Amino acid sequence: MATVRVQTEDFDVGAEFAALTAGRHDIGGLGCFVGTVRDEGNRLSALTLEQYPGMTERALARVAAEAERRFSLLGCTVIHRHGRLEPGANIVLVIAASGHRQPALDATHFLIDWLKTSAPFWKKEEYADGTAAWVDARKADDEAAARWQRAG
Amino acid sequence: MDPHGDLTVLYFAWLRERTGAAEETVTPPASVVTVADLIAWLRERGPRHAAAFADAKVIRCAVNQEFAAPETELHAGDEVAFFPPVTGG
(Lines give C-alpha, C1' and ligand atoms only; values in the text may rest on other atoms or scores of the structure.)
Protein backbone atom coordinates (compact mmCIF):
# COMPACT_ATOMS: atom_id res chain seq x y z
CA MET A 1 0.00 0.00 0.00
CA ALA A 2 1.55 3.25 -1.12
CA THR A 3 2.01 6.25 1.14
CA VAL A 4 1.02 9.45 -0.66
CA ARG A 5 1.05 12.91 0.91
CA VAL A 6 0.67 16.46 -0.38
CA GLN A 7 1.80 18.89 2.28
CA THR A 8 3.37 22.29 3.00
CA GLU A 9 5.70 21.01 5.72
CA ASP A 10 9.11 19.47 5.07
CA PHE A 11 9.73 15.72 5.05
CA ASP A 12 12.48 13.67 6.69
CA VAL A 13 13.97 11.22 4.18
CA GLY A 14 15.40 8.95 6.89
CA ALA A 15 12.09 8.79 8.74
CA GLU A 16 10.28 7.91 5.50
CA PHE A 17 12.78 5.12 4.76
CA ALA A 18 12.28 3.80 8.29
CA ALA A 19 8.48 3.94 7.99
CA LEU A 20 8.53 2.11 4.65
CA THR A 21 10.87 -0.65 5.78
CA ALA A 22 9.76 -1.13 9.41
CA GLY A 23 9.35 -4.81 10.22
CA ARG A 24 10.05 -5.86 6.60
CA HIS A 25 12.66 -8.47 5.72
CA ASP A 26 11.56 -9.07 2.13
CA ILE A 27 12.89 -5.76 0.72
CA GLY A 28 16.15 -6.09 -1.18
CA GLY A 29 16.43 -2.62 -2.70
CA LEU A 30 15.13 0.90 -2.29
CA GLY A 31 15.16 3.50 -5.04
CA CYS A 32 14.92 7.12 -3.95
CA PHE A 33 14.64 10.51 -5.60
CA VAL A 34 14.52 13.87 -3.80
CA GLY A 35 13.80 17.04 -5.78
CA THR A 36 14.99 20.31 -4.24
CA VAL A 37 14.72 24.03 -5.04
CA ARG A 38 17.67 24.98 -7.21
CA ASP A 39 19.05 28.50 -7.45
CA GLU A 40 21.26 29.39 -10.39
CA GLY A 41 23.59 32.29 -9.74
CA ASN A 42 21.81 33.79 -6.71
CA ARG A 43 18.90 35.02 -8.79
CA LEU A 44 16.11 32.99 -7.17
CA SER A 45 14.68 34.05 -3.81
CA ALA A 46 11.89 31.45 -3.62
CA LEU A 47 9.70 29.02 -5.52
CA THR A 48 5.96 28.85 -4.88
CA LEU A 49 4.19 25.64 -5.80
CA GLU A 50 0.47 25.85 -6.46
CA GLN A 51 -1.59 22.67 -6.64
CA TYR A 52 -5.11 21.53 -7.44
CA PRO A 53 -6.39 20.26 -4.07
CA GLY A 54 -8.26 17.00 -4.45
CA MET A 55 -7.08 16.21 -7.97
CA THR A 56 -3.46 16.13 -6.78
CA GLU A 57 -4.05 13.48 -4.12
CA ARG A 58 -6.21 11.38 -6.45
CA ALA A 59 -3.66 11.55 -9.25
CA LEU A 60 -0.72 10.72 -6.97
CA ALA A 61 -2.54 7.80 -5.33
CA ARG A 62 -3.46 6.39 -8.73
CA VAL A 63 0.06 6.57 -10.15
CA ALA A 64 1.61 5.16 -6.97
CA ALA A 65 -0.75 2.19 -7.22
CA GLU A 66 0.13 1.84 -10.91
CA ALA A 67 3.87 1.79 -10.06
CA GLU A 68 3.30 -0.84 -7.35
CA ARG A 69 1.44 -3.04 -9.82
CA ARG A 70 3.69 -2.50 -12.82
CA PHE A 71 7.00 -3.04 -10.98
CA SER A 72 5.68 -5.50 -8.36
CA LEU A 73 6.82 -3.17 -5.60
CA LEU A 74 6.74 -4.10 -1.93
CA GLY A 75 5.83 -0.49 -1.13
CA CYS A 76 6.36 3.08 -2.22
CA THR A 77 6.22 6.60 -0.81
CA VAL A 78 5.42 9.77 -2.74
CA ILE A 79 5.45 13.12 -0.92
CA HIS A 80 5.07 16.42 -2.77
CA ARG A 81 5.24 19.79 -1.05
CA HIS A 82 3.38 22.94 -2.04
CA GLY A 83 3.50 26.57 -0.91
CA ARG A 84 6.50 28.88 -0.78
CA LEU A 85 9.89 27.13 -0.70
CA GLU A 86 13.33 28.71 -0.53
CA PRO A 87 16.46 27.56 -2.39
CA GLY A 88 17.78 24.29 -1.01
CA ALA A 89 14.36 23.22 0.32
CA ASN A 90 12.96 19.78 -0.42
CA ILE A 91 10.13 19.69 -2.98
CA VAL A 92 9.39 16.05 -3.71
CA LEU A 93 10.30 12.61 -2.39
CA VAL A 94 9.87 9.29 -4.18
CA ILE A 95 10.91 5.98 -2.57
CA ALA A 96 10.24 2.62 -4.21
CA ALA A 97 10.89 -0.66 -2.37
CA SER A 98 11.37 -3.95 -4.15
CA GLY A 99 12.99 -7.33 -3.76
CA HIS A 100 15.69 -6.33 -6.24
CA ARG A 101 17.43 -3.18 -7.44
CA GLN A 102 16.14 -2.96 -11.00
CA PRO A 103 12.42 -2.64 -10.28
CA ALA A 104 13.18 -0.25 -7.39
CA LEU A 105 15.20 2.03 -9.67
CA ASP A 106 12.81 1.72 -12.61
CA ALA A 107 9.79 2.52 -10.45
CA THR A 108 11.52 5.57 -8.96
CA HIS A 109 12.26 6.79 -12.48
CA PHE A 110 8.70 6.11 -13.65
CA LEU A 111 7.19 7.96 -10.69
CA ILE A 112 9.33 11.09 -10.95
CA ASP A 113 8.87 11.31 -14.72
CA TRP A 114 5.14 11.00 -14.26
CA LEU A 115 5.10 13.67 -11.53
CA LYS A 116 6.92 16.05 -13.89
CA THR A 117 4.41 15.73 -16.67
CA SER A 118 1.06 14.80 -15.12
CA ALA A 119 0.70 15.91 -11.49
CA PRO A 120 -1.29 19.17 -11.19
CA PHE A 121 1.39 21.42 -9.70
CA TRP A 122 2.62 24.77 -11.01
CA LYS A 123 5.84 26.52 -10.03
CA LYS A 124 6.24 30.28 -9.78
CA GLU A 125 9.74 31.68 -9.37
CA GLU A 126 10.38 34.79 -7.27
CA TYR A 127 13.62 36.53 -8.16
CA ALA A 128 16.02 38.51 -6.01
CA ASP A 129 15.18 41.66 -8.00
CA GLY A 130 11.53 41.47 -6.86
CA THR A 131 10.05 40.15 -10.11
CA ALA A 132 8.30 36.79 -10.46
CA ALA A 133 7.39 34.43 -13.30
CA TRP A 134 5.61 31.12 -13.79
CA VAL A 135 7.89 28.32 -14.91
CA ASP A 136 6.75 27.22 -18.33
CA ALA A 137 6.52 23.56 -19.22
CA ARG A 138 8.86 23.91 -22.16
CA LYS A 139 11.62 25.11 -19.86
CA ALA A 140 10.87 22.27 -17.45
CA ASP A 141 10.96 19.75 -20.31
CA ASP A 142 14.26 21.17 -21.49
CA GLU A 143 15.69 20.85 -18.01
CA ALA A 144 14.60 17.21 -17.89
CA ALA A 145 16.16 16.55 -21.29
CA ALA A 146 19.38 18.30 -20.27
CA ARG A 147 19.58 16.13 -17.18
CA TRP A 148 19.50 13.04 -19.38
CA GLN A 149 22.18 14.40 -21.66
CA ARG A 150 24.44 14.98 -18.67
CA ALA A 151 23.59 11.53 -17.32
CA GLY A 152 24.43 9.98 -20.71
CA MET B 1 -25.60 20.68 -21.76
CA ASP B 2 -28.71 21.35 -19.70
CA PRO B 3 -29.82 24.83 -20.66
CA HIS B 4 -29.90 25.96 -17.04
CA GLY B 5 -27.13 23.84 -15.58
CA ASP B 6 -24.40 25.40 -13.48
CA LEU B 7 -20.72 24.63 -13.83
CA THR B 8 -18.04 25.30 -11.24
CA VAL B 9 -15.01 26.68 -13.05
CA LEU B 10 -11.60 26.71 -11.35
CA TYR B 11 -8.48 28.56 -12.50
CA PHE B 12 -4.90 27.83 -11.50
CA ALA B 13 -1.50 29.55 -11.87
CA TRP B 14 -1.47 32.37 -14.44
CA LEU B 15 -5.04 31.64 -15.51
CA ARG B 16 -6.12 32.50 -11.96
CA GLU B 17 -4.06 35.69 -12.04
CA ARG B 18 -5.34 36.76 -15.45
CA THR B 19 -9.03 36.08 -14.80
CA GLY B 20 -8.77 37.47 -11.26
CA ALA B 21 -10.77 34.50 -9.94
CA ALA B 22 -9.80 31.17 -8.40
CA GLU B 23 -13.34 29.85 -8.77
CA GLU B 24 -16.62 30.96 -10.30
CA THR B 25 -20.01 29.43 -10.93
CA VAL B 26 -21.26 29.94 -14.47
CA THR B 27 -24.48 29.08 -16.29
CA PRO B 28 -23.63 28.73 -19.97
CA PRO B 29 -26.30 28.50 -22.67
CA ALA B 30 -27.40 25.17 -24.13
CA SER B 31 -25.12 25.75 -27.12
CA VAL B 32 -22.12 25.09 -24.86
CA VAL B 33 -21.63 21.33 -25.18
CA THR B 34 -17.88 20.75 -24.96
CA VAL B 35 -14.81 22.14 -23.19
CA ALA B 36 -13.89 24.00 -26.40
CA ASP B 37 -17.39 25.57 -26.48
CA LEU B 38 -16.98 26.64 -22.86
CA ILE B 39 -13.61 28.29 -23.57
CA ALA B 40 -15.14 30.21 -26.49
CA TRP B 41 -18.02 31.32 -24.27
CA LEU B 42 -15.83 32.26 -21.27
CA ARG B 43 -13.61 34.33 -23.56
CA GLU B 44 -16.58 36.64 -24.14
CA ARG B 45 -17.12 37.31 -20.42
CA GLY B 46 -14.77 40.28 -20.34
CA PRO B 47 -11.28 41.52 -21.11
CA ARG B 48 -9.63 39.56 -18.29
CA HIS B 49 -11.14 36.27 -19.48
CA ALA B 50 -10.29 37.17 -23.07
CA ALA B 51 -6.66 37.70 -22.01
CA ALA B 52 -6.57 34.47 -19.99
CA PHE B 53 -7.94 32.39 -22.88
CA ALA B 54 -6.16 34.26 -25.68
CA ASP B 55 -3.96 31.27 -26.52
CA ALA B 56 -6.09 28.16 -26.01
CA LYS B 57 -3.24 25.90 -27.19
CA VAL B 58 -1.30 26.42 -23.95
CA ILE B 59 -4.30 25.76 -21.71
CA ARG B 60 -5.02 22.38 -20.17
CA CYS B 61 -8.34 21.29 -18.72
CA ALA B 62 -9.67 18.82 -16.16
CA VAL B 63 -13.31 17.87 -15.78
CA ASN B 64 -14.24 16.49 -12.37
CA GLN B 65 -10.52 16.24 -11.56
CA GLU B 66 -9.63 14.10 -14.60
CA PHE B 67 -7.62 15.49 -17.53
CA ALA B 68 -10.00 16.37 -20.34
CA ALA B 69 -9.78 17.22 -24.05
CA PRO B 70 -11.35 20.10 -26.03
CA GLU B 71 -14.05 17.71 -27.25
CA THR B 72 -14.93 16.42 -23.77
CA GLU B 73 -18.65 16.94 -23.17
CA LEU B 74 -19.86 18.86 -20.14
CA HIS B 75 -22.80 18.20 -17.86
CA ALA B 76 -24.59 20.32 -15.29
CA GLY B 77 -22.76 20.26 -11.97
CA ASP B 78 -19.34 19.46 -13.45
CA GLU B 79 -16.18 20.91 -11.92
CA VAL B 80 -14.12 22.28 -14.81
CA ALA B 81 -10.56 23.42 -14.15
CA PHE B 82 -8.32 25.41 -16.50
CA PHE B 83 -4.56 25.64 -16.01
CA PRO B 84 -1.24 25.86 -17.87
CA PRO B 85 0.83 22.73 -18.58
CA VAL B 86 1.94 21.31 -15.23
CA THR B 87 5.44 21.94 -13.84
CA GLY B 88 5.66 19.85 -10.67
CA GLY B 89 8.22 17.28 -9.62
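In this predicted model, 21 residues of chain B and 26 residues of chain A take part in the contact between the two chains. The size of an interface is often given as the accessible area lost when the parts come together. Here chain B and chain A bury about 1900 Å² between them. Carbon and sulfur atoms account for 55% of that area. On the side of chain B, the residues that lose the most area to chain A are B:Q65, B:T87 and B:G89. Together they make up 37% of what that side buries.

The rule finds 4 salt bridges between chain B and chain A. In one salt bridge, the side chain of A:R62 meets that of B:E66, at 2.9 Å from N to O. Several elements of chain B supply at least two residues each to the side that touches chain A: β1 (7-11), α1 (14-19), β4 (66-68) and β5 (79-83). By residue class, that side of chain B holds 12 nonpolar, 5 polar and 4 charged residues.

Chain A contains an open sheet of 4 strands. The strand order is β1-β4-β6-β2, and the pairing is mixed. β1 (3-7) and β2 (29-36) of chain A stand at the edges. Each has a single partner strand, so one side of each is left without a neighbour in the sheet. From one strand to the next, the twist averages 5 degrees. Within this sheet, β1 of chain A pairs with β4 (residues 75-81) of chain A in the parallel sense, over 5 bridges. A:V6 stands opposite A:H80, a residue of β4 in chain A. Helix α2 (residues 55-70) of chain A packs on the sheet and touches β1 and β4 of chain A. The direction of this helix makes about 155 degrees with that of β1 in chain A.

In chain B, strand β3 (residues 60-63) pairs with two strands, β5 and β4. β3 and β5 of chain B run antiparallel and are joined by 4 bridges. B:V63 has B:V80 in β5 of chain B as its bridge partner. β3 and β4 of chain B also run antiparallel, joined by 3 bridges. There, B:C61 stands opposite B:A68 of β4. β3 and β4 of chain B form a hairpin, with 2 residues between the strands. In the turn, B:N64 has a positive phi of about 50 degrees.

Key. Residues are numbered from 1 along each chain as its sequence is written. Chains are lettered from A and ligands numbered from 1 in the order in which they are written. This is a predicted model: local features need pLDDT of at least 70, side-chain atom pairs count only at pLDDT 80 or more; totals for chains, interfaces and linings use all residues. Side-chain values use heavy atoms; hydrogens and water are left out. Contact means heavy atoms within 4.5 Å. Buried area is the accessible area (1.4 Å probe) that two parts lose on being put together, summed over both. Ala, Val, Leu, Ile, Met, Phe, Trp, Tyr, Cys and Pro count as nonpolar, Asp, Glu, Lys and Arg as charged, and the others, Gly among them, as polar. Two strands pair if DSSP finds at least two bridges between them. Axes are lines fitted to C-alpha atoms, for helices over the stretch in contact, and angles run from 0 to 180 degrees between N-to-C directions.
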